Amino acid sequence: MNKSVISATDLSLTYETNDGPVHALQDIDLNIKEGEFVSFIGPSGCGKTTLLRVIADLESPTKGMIEVNNMTASQARMKRAYGYVFQAAGLYPWRTIGGNIKLPLEIMGYNKIEQEERVSRVLELVELTGFNKKFPWQLSGGMQQRASIARALAFDADILLMDEPFGALDEIVRDHLNEQLLKLWNTTKKTICFVTHSIPEAVFLSSKIVVMSPRPGRISKVIKSNLPNDRTLDIRESKEFLDIAAQVREVLRKGTADE
Amino acid sequence: MNKAKDLWHLIGPILTILIAITAIWYVSAVWLNSAWAYDKAKRANVTISFSEMVSDTMIQQKPLLPSPHQVIKEIYKTTILKKVTSKRSLVWHGWITLSATLLGFMFGTTLGILLAVGIVFSKSMDMSVMPWVITSQTIPILAIAPMIIVVLNAVGVSGLLPKAIISMYLSFFPVVVGMVKGLRAPDKMQLDQMHTWSAPKATSFWKLRLPSSMPYLFASLKIGVAASLVGAIVGELPTGAVAGLGARLLAGSYYGQTIQIWSALICAAILAATLVAIIGIIEKITLRKMGIQL
Amino acid sequence: MIWIIGAIFFWIIFWAINIQLSKIESNKFIKLLVPTLFGFSILILWEGFVRGFDVSPILLPTPTAIAIRFSQSLNILWVDFVQTFIKGALSGYLIGCIAAFITAVAVDKSSFLKRGLLPVGNFVAALPIIGMAPILVMWFGFDWHSKAAVVVVMVFFPMLVNTVAGLNAKDNIQHDLMKTYGANYWQNLLKLSLPSAMPFIFNGLKICTTLALIGAIVAEFFGSPTRGMGFRISTEVGRLSLDMVWAEITVAALAGSAFYGMMALIEKGVTFWHPSQRK
């Protein structure tokens, strides 16, 4: 049964600044079901990162309600319901790659044997086997991001929240990581929320695309994707892909037009 | 309404800490001076109540810890109430220390900047001298102060100059280190740009390196001026406490005049704070004129 | 006369050697050789000028005279070293730095206290704290306890300011990650705040090594039992035995740079991950 894991009702977040209030999010209504891959796309200031951070309980809404796994966002966070991947890897330079992946495991109280087992398992998932004892600065940007994803997969969280994780990487590495992420999704069946700037990336990865627009930050349209789950990179040339991409582009254009 | 909140946000914590420090000072004064108060009463064969003891601890002549108002009164007495030329005036003593500080500071800064320029532009100087400059920061230079005073006195140089030399020495090293860092601060891109304009080394120096070094220079100047003041104070000790704030500190400790010691100390602290603040103001004006936002 | 000419001659030779050395590709050995040659040439200049100009030994003794006096006085120098450095400076350093560290960690929980303590701490760190020496001698007596107390006061504020700055310096992403893991206060402190604060903490520790030694020596100028480096310096200066004074200064210099160097070595080991250590 596809139950709802993330639901937002009437969600709003307003910042008070010296130049007046900033409506980062306004009246967001959203429902994300188990196992979905949802992309959030929109121009700067549309609130996509803010929305992700509200789901993660890194920010608090000023109005409305957010529920994760049928609890408040805070409770979900304390229950370690999700793994978060930031735009930058955020690896701790004084720990090895293995040590970095162990960090959440140590905090959450997994025993040493389990830790070792999980580390080797996720390193294999992101194809970084053997880099266990290396330090973050010895790895390239792409590899650091892979390590960061591995870290988010190491503990048992059913939800993955990703904030433009591939934004700083070059196109070829990005394509490769997109493929890997999709494979991961198909294997682990987690619910993934993915924030991105890139239309092709959003269309390629998602089962559902949430298009947002700024000032105030709101959802313009939710577009469902009918592409098959086990897709490869060449699906990006197909008619169905281009149709969906065109829809997204249209909504984005309209969103910035009526400002 | 917002402005008041912002002001409180800035000043509130500092004010709280200062009030807390004053309160702790008073309590400590009562605590430390109480032994003497009870002792005095015992010798006079009277018993005193707690409140009498407290009021006594606030007015003792040679307290273990003078109360804040005692110190303030003494400072007031020896600065405002005394003639500036009197040998008991803290203003007079303060000026003696200050003059040595300023003289030494100016020399130290000038020499420091010159040496820094030399180090940045001559590789052999950089490799020979810079390691010694860095090492010298780990050496307790102040320990040499007595020797310098006595030696210079023996060759007939006394009074202001020996102290100024110590101050010069102490401000010299932070200025060299800071200035070298600052002159090397422009990043490769900016230096390359000067190169593409075929700018001669002198132009590159005056228009790029020197302006980039300003923030570093001012940071070192603040450290240097505080060090100069300490140098001047310590320089006054070996000559047997004749004149200056350091001399007052020493004299006070010889005769057990704690209030005198504290007033000289507070005066030195105010002097240090003022000097650093003045440099801070000059820094703000200079950097603003140069368009650097701090 | 011959001494002066000889000294200048050697100075020029060493300077020329250094110029040549600095032109070739530098390695670790050369980087060490050049300043050593420079220092050595200064010593030669010193020796030559003092002998050549017949400078009185009560003004400036020759390096050789100092070396001789040094080797003759090892016992006294050792006693002074233990009194000032080990008992006075080291104990004060440990107490002061640990106290500052604990205070900083305690204060870190309250942003209100942080905003108050940091400016006040910065202010106090710039004051001539050494002036407290006579007061502390009065409270703690002539022996090394008062010197240790002076050192505690001198190192406390710079160490506090540096540690608070370090604990504040966490990366935003690293901090948010801890939140997403639902980490509690202690886990956050031990796994994130403290490791990332290490570069700042060691910066403070290094600065305080010098302050500790200065504090202990200068505090002895204000009163001391009949031993200690500061005591020896001020009394020997009074007796005009400058070679002994220079011998003590040499001990102080060696102790100071060794202390600092040891901290720098530990720093290298602990903060190996920091960009400044990775050049």
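Modeller: Two strands pair if DSSP finds at least two bridges between them. Strands themselves are DSSP runs of E with at least two residues, helices are runs of H or I with at least four, and both are numbered from the N terminus. Please note that this is a predicted model, in which local features need pLDDT of at least 70 and side-chain atom pairs count only at pLDDT 80 or more, while totals for chains, interfaces and linings use all residues. Residues are numbered from 1 along each chain as its sequence is written, with chains lettered from A and ligands numbered from 1 in the order in which they are written.

Colleague: Which residue is the bridge partner of Leu161(A) in β8(A)?

Modeller: Leu161(A) has Cys193(A) as its bridge partner there. Strands β7 (residues 159-163) and β8 (residues 191-196) of chain A pair over five bridges, in the parallel sense.

Colleague: In what order do the six strands of that open sheet come?

Modeller: The order is β6-β7-β8-β3-β9-β10 in chain A, with mixed pairing. β6 (82-85) and β10 (218-224) of chain A are the edge strands, each pairing on one side only. On average, neighbouring strands of this sheet are turned by 15° against each other, direction ignored. Such angles are taken between N-to-C directions and run from 0 to 180 degrees; the axes are lines fitted to C-alpha atoms, for helices over the stretch in contact.

Colleague: Which strands does helix α5 of chain A lie across?

Modeller: Helix α5 (residues 141-154) of chain A lies across β6 and β7 of chain A, and runs at about 170° to β6(A). Contact here means that the C-beta atoms of two residues, placed from the backbone, lie within 7 Å.

Colleague: And strand β9 of chain A: is it largely enclosed or in the open?

Modeller: β9 (residues 208-213) of chain A has five of its six residues buried, so it is largely enclosed by the rest of the structure. A residue is buried if 20 or more other C-beta atoms lie within 10 Å of its own, exposed if 12 or fewer, and partly exposed in between, with C-beta atoms placed from the backbone.

Colleague: How many bridges join it to β3(A) and to β10(A)?

Modeller: Strand β3 (residues 37-41) of chain A is joined to β9(A) by four bridges, and the two run parallel. Val38(A) has Lys208(A) as its bridge partner in β9(A). Between β9(A) and β10(A) there are six bridges, and these strands run antiparallel. Lys208(A) stands opposite Lys224(A) in β10(A).

Colleague: What lies between β9(A) and β10(A)?

Modeller: Four residues lie between them, and the two strands form a hairpin. Arg215(A), in the turn, has a positive phi of about 45°.

Colleague: Let us turn to chain B. How many helices and strands does it have?

Modeller: Chain B has 11 helices and zero strands. Its radius of gyration is 25 Å, well over the 19 Å that the globule rule gives for 294 residues, so chain B is more spread out than a compact globule. That radius is taken over C-alpha atoms, and the rule is 2.2 Å times the number of residues to the power 0.38.

Colleague: How does chain A stand against the rule?

Modeller: Chain A has 259 residues, for which a compact globule would have a radius of gyration near 18 Å; its value of 18 Å agrees. Chain A holds eight helices and 10 strands, and 42% of its residues count as buried. In chain B, 38% of the 294 residues count as buried.

Colleague: Why is helix α8 of chain B said to lie largely in the open?

Modeller: Helix α8 (residues 188-196) of chain B has nine residues and the number buried is zero, so it lies largely in the open. Ser198(B), with a positive phi near 50°, follows α8(B).

Colleague: Finally, how many residues of chain B are in contact with chain C?

Modeller: 46 residues of chain B are in contact with 51 residues of chain C. The chain B side divides into 36 nonpolar, nine polar and one charged. Ala, Val, Leu, Ile, Met, Phe, Trp, Tyr, Cys and Pro count as nonpolar, Asp, Glu, Lys and Arg as charged, and the others, Gly among them, as polar.

Colleague: What about chain A and chain C?

Modeller: There, 18 residues of chain A are in contact with 15 residues of chain C. α3(A) gives the most to the chain A side, with four residues.
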